[in-house]
Amino acid sequence: MRITSHGAARGVTGSKHLIEINGKRILFDCGMFQGHRKEAAERNQTLPFSVNDIDAVVLSHAHIDHSGILPMLARKGYEGKVFTTPASRDLCAVMLLDSANIQERDASWLSKRRQTFVPPIYTDIHVREIMRRFISIPYDVSFDILPGIRLTFKDAGHVLGSAICLLEFEENGKQRRFIYSGDIGRKNAAILRDPWEPEEADVVIMESTYGNRDHDSIETLDAKLEDIIKRTHARGGKIIVPTFALERAQEFIVALKRLEMANRIPSLPVYVDSPLTVNITEVFRLHTDLFDEDMRKLMEDAADPFELQHIQYIRGVEQSKKLNTIDHPVIILSAAGMCEHGRILHHLRNNCEDERNTILIIGFQARHTLGRRIVEREPRIRIFGVEHDLRAEVRKLNALSAHAGRSELIEFGARLKNAAERILLVHGEDEALTALQEGLAEQGCTQTLIQEEGKTVEF
Ligand SMILES: [Zn+2]
């Protein structure tokens with residue numbers, strides 16, 4: 001077999017791994033590059049391979065850095081199948097349409113700036129075309145995606161529908177097992193089951209996002225959140241939560257539900273002001289079969305874990321604008337998670353100068369984003385081109401990460417040390433990759449290789 005990574009090699013976005021087995025080519029994930037706008041836009045314009053050379057696509061999960069370029073395959077004439085889990089399929093239906101809107105908006109902004117027509121990299125038409133090629137396979141059901149090549153999805157516990165992908169096939173008379181980890185989740189997360197723990201594989205591609213650090217323990221979440229809500233409520237302030245639409249938002253709402261049911265927090269109105277988050281929460285309601293034991297218990301006491309005493313899910317612009325005039329304690333969740341665009345900007349502008357308020361950061365904030373400047377408590381922040389004083393309290397909750405931390409990644413890799421011929425490390429910045437490689441070596445797992453972009457490795 002031959003493996004070539006065309007993204008997420010010494011980086012965390014643009015996941016695309018092309019695997020060749022017995023002359024057949026399977027693309028694992030087709031993600032978008034994100035980050036610096038100009039550089040990312042250039043990289044997303046072109047595919048580093050011809051769609052005619054691909055026999056099948058396997059999608060590990062719906063995050064845009066893994067799925068966001070799938071519509072481009074349709075645009076280029078791809079006529080094969082896209083295999084993924086039922087929940088990832090439903091999430092893609094919602095998330096890729098949202099992404100198409102962003103592509104069209106970005107293209108028209110660029111067209112104006114350059115005074116020449118810049119086409120979007122894809123539109124809703126291409127989204128609908130690629131969605132018609134999806135085949136959903138539930139967890140633990142083995143399916144021959146190509147003659148002699150069997151795929152099984154295992155629960156990755158990262159986001160709804162996320163999968164660790166197992167391929168079984170015969171090559172040169174030998175039975176082989178290949179694992180692509182996708183993104184690995186955390187144990188004991190509130191909604192999803194724990195990630196699968198593989199024992200055997202000949203070749204592995206493994207993510208390394210948090211190879212150099214662990215997160216706060218999930219058990220600390222409720223107490224911290226309770227404290228933040230009570231403090232802010234006591235001084236009559238609002239809590240503004242920039243949120244990531246998939247998983248983080250739902251985990252946060254379920255945490256509020258737990259606190260509310262235990263009477264640990266005052267009963268505050270909660271507004272989820274993000275159409276994408278509202279749509280994604282609907283997809284969660286369709287897939288309760290994927291929830292873990294704790295979530296089932298919660299559902300025995302409260303039929304719908306995403307309903308609170310006073311929660312409003314907002315899609316419309318007018319309803320969203322009405323939130324600007326509220327002057328009493330509320331919790332507002334809004335996207336985008338790194339505060340670079342979306343309705344969160346309005347809520348930050350309206351609330352960042354009042355010291356009674358809290359801005360609650362619940363996810364990773366990349367360099368050069370407004371979210372990062374808020375986390376670093378810069379005294380003045382620029383929103384819609386205007387400078388504002390940052391007087392609101394800024395708090396951070398690290399416990400909500402959807403990614404395995406360093407210890408869990410080492411546990412995942414070390415379990416395969418006796419069987420695997422090679423473990424290719426992908427999806428990490430350099431420091432994370434090197435730290436994970438060292439951590440695995442300390443556990444006797446020395447067959448790792450940091451995957452380089454565009455370079456083919458052969459087994
Ligand atoms: Zn992910």
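Are Phe 28 and Phe 178 buried or exposed?

A: Phe 28 and Phe 178 are both buried. Buried stands for under 20% relative accessible area, exposed for over 50%, and partly exposed for the range in between, using a 1.4 Å probe and protein chains only. The model is a predicted one, in which local features need pLDDT of at least 70 and side-chain atom pairs count only at pLDDT 80 or more, while totals for chains, interfaces and linings use all residues. Residues are numbered from 1 along each chain as its sequence is written, and side-chain values use heavy atoms, with hydrogens and water left out.

The two residues also belong together as rings. A pair of aromatic rings is described by the distance of the centres and the angle of the planes. Rings of Phe, Tyr and Trp (for Trp, its six-membered ring) pair if their centres lie within 6.5 Å; planes under 30 degrees apart are stacked, over 60 edge-to-face, and the rest tilted. Five aromatic pairs are counted by this rule. Strands (E, at least two residues) and helices (H or I, at least four) are DSSP runs, numbered from the N terminus. Another pair, Phe 83 and Phe 143, is tilted, at 6.0 Å centre to centre and 50 degrees between the planes. Phe 83 is in strand E5 (residues 82-84) and Phe 143 in strand E7 (residues 143-146), so this pair ties together parts 60 residues apart in sequence. Phe 83 is buried because its relative accessible area is 2%, whereas Phe 143, at 35%, counts as partly exposed.

Back at the pair you asked about, Phe 28 and Phe 178 form one aromatic cluster with Tyr 180.

Strand E10 also leads on to the zinc site. Asp 183 lies in the loop between strand E10 (174-180) and strand E11 (203-207), and the protein donors of the zinc ion are His 61 (NE2), His 63 (ND1), His 158 (NE2) and Asp 183 (OD), 2.2 to 2.3 Å from the ion. Donors are N, O and S atoms within 2.8 Å of the metal (3.2 Å for Na, K and Ca); water is not among the atoms, so sites may look incomplete. Along the chain the donors have the spacing H-x1-H-x94-H-x24-D. His 63 lies in the loop between strand E4 (56-58) and helix H2 (64-67), so His 63 and Asp 183 tie together parts 120 residues apart in sequence. Both His 63 and Asp 183 are buried.

The four donor atoms subtend angles of 93 to 161 degrees, so the arrangement is irregular. Four donors are tetrahedral if all angles lie between 85 and 135 degrees; four are square planar and six octahedral if opposite donors are over 155 degrees apart and all others between 65 and 115; anything else is irregular.

Finally, Cys 30 is buried, with a relative accessible area of 0%. A disulfide is a pair of cysteine sulfur atoms within 2.5 Å, and the count is zero. The sulfur of Cys 30 is 11 Å from the closest cysteine sulfur, that of Cys 92, which is too far for a bond.
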